[in-house]
Amino acid sequence: MDETLRSIPADAWPLIDVLFNATCAITAVWLATTVFVLWRRHSSNLTTSSSATPNRKATPDFLTVDEKARKKTIKRGEQFEKELDKQDRDDERAARRLARSKETRTGRIARLISLFMALFSLATVVSGTVFQVTFMGRIWEQYSASERLLGVIKTHPIGVAVTIIVILYNLVTFVTNRKWEDN
């Protein structure tokens with residue numbers, strides 16, 4: 001053996017080392033894949049084709065129907081469908097409520113201004129009625145209907161303006177929201 005090793009030229013030893021390392025690496029990869037395949041077959045309960053034996057009486061499981069399990073599954077499916085339908089209805093109802101309740105900052109400010117205008121209009125009417133009853137009485141007796149209306153507008157321009165603005169705002173809100181379509 002010693003003589004054989006001495007007969008190998010010194011130039012060939014690097015090539016022999018490379019080939020030896022490559023052979024070891026290939027053997028290690030082959031061994032690892034073989035072990036992996038065997039573990040995989042065992043965990044999947046697979047057999048090799050060489051170890052399988054034919055069984056002529058075997059029938060696949062999918063040809064027989066388990067009626068009891070099938071009925072249970074159908075009932076579970078129907079119950080699930082009912083729950084989904086109920087959840088869809090609840091979600092739709094919540095979305096409609098949210099859409100109705102969405103309130104912008106501008107809408108809140110406009111509603112607040114409308115409330116203040118209505119209160120101011122009410123206060124103006126009440127004060128005009130209480131404090132100027134005699135003045136109004138003279139106007140009612142001396143002037144025609146159009147003259148009386150012009151007299152009220154001239155004496156109470158702020159109250160009339162606020163009342164007109166409130167009325168116009170409510171008309172615009174009614175038309176833009178199309179409240180007659182909801183009913």
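The following exercises, with worked solutions, concern a predicted model.

**Exercise 1.** Determine what span helix α2 should have at 1.5 Å a residue, and compare that span with the distance between its end C-alpha atoms.

*Solution.* Step 1: helix α2 covers residues 13–44, which gives 32 residues. Step 2: the expected span is 1.5 Å times one less than the number of residues, and for helix α2 this comes to 46 Å. Step 3: the end C-alpha atoms are 46 Å apart, so the two values agree. Asn45 follows the helix, and its phi is positive, near 60 degrees.

**Exercise 2.** Identify the salt-bridge partners of Asp90 and state where they lie in the helix.

*Solution.* Step 1: a salt bridge requires a side-chain nitrogen of Lys or Arg within 4 Å of a carboxyl oxygen of Asp or Glu. Step 2: between Lys86 and Asp90 the closest N and O atoms are 3.5 Å apart, and between Asp90 and Arg93 they are 3.3 Å apart. Both pairs are salt bridges. Step 3: Lys86 and Asp90 are four residues apart in helix α3 (residues 67–101), whereas Asp90 and Arg93 are three residues apart in that helix. Step 4: residues three or four places apart point the same way, because an α-helix has 3.6 residues a turn.

**Exercise 3.** Classify Lys86, Asp90 and Arg93 as buried, partly exposed or exposed.

*Solution.* Step 1: buried means under 20% relative accessible area, and exposed means over 50%. Step 2: the values are 48% for Lys86, 31% for Asp90 and 36% for Arg93. Step 3: each of these residues is therefore partly exposed.

Methods: Residues numbered from 1 in each chain as written. Predicted model: local features only at pLDDT ≥ 70, side-chain atom pairs only at ≥ 80, totals over all residues. Heavy atoms only, no water. Helix = DSSP H or I, 4+ residues; strand = E, 2+ residues; numbered from the N terminus. Buried < 20%, exposed > 50% of the residue type's maximum accessible area, 1.4 Å probe, protein only.
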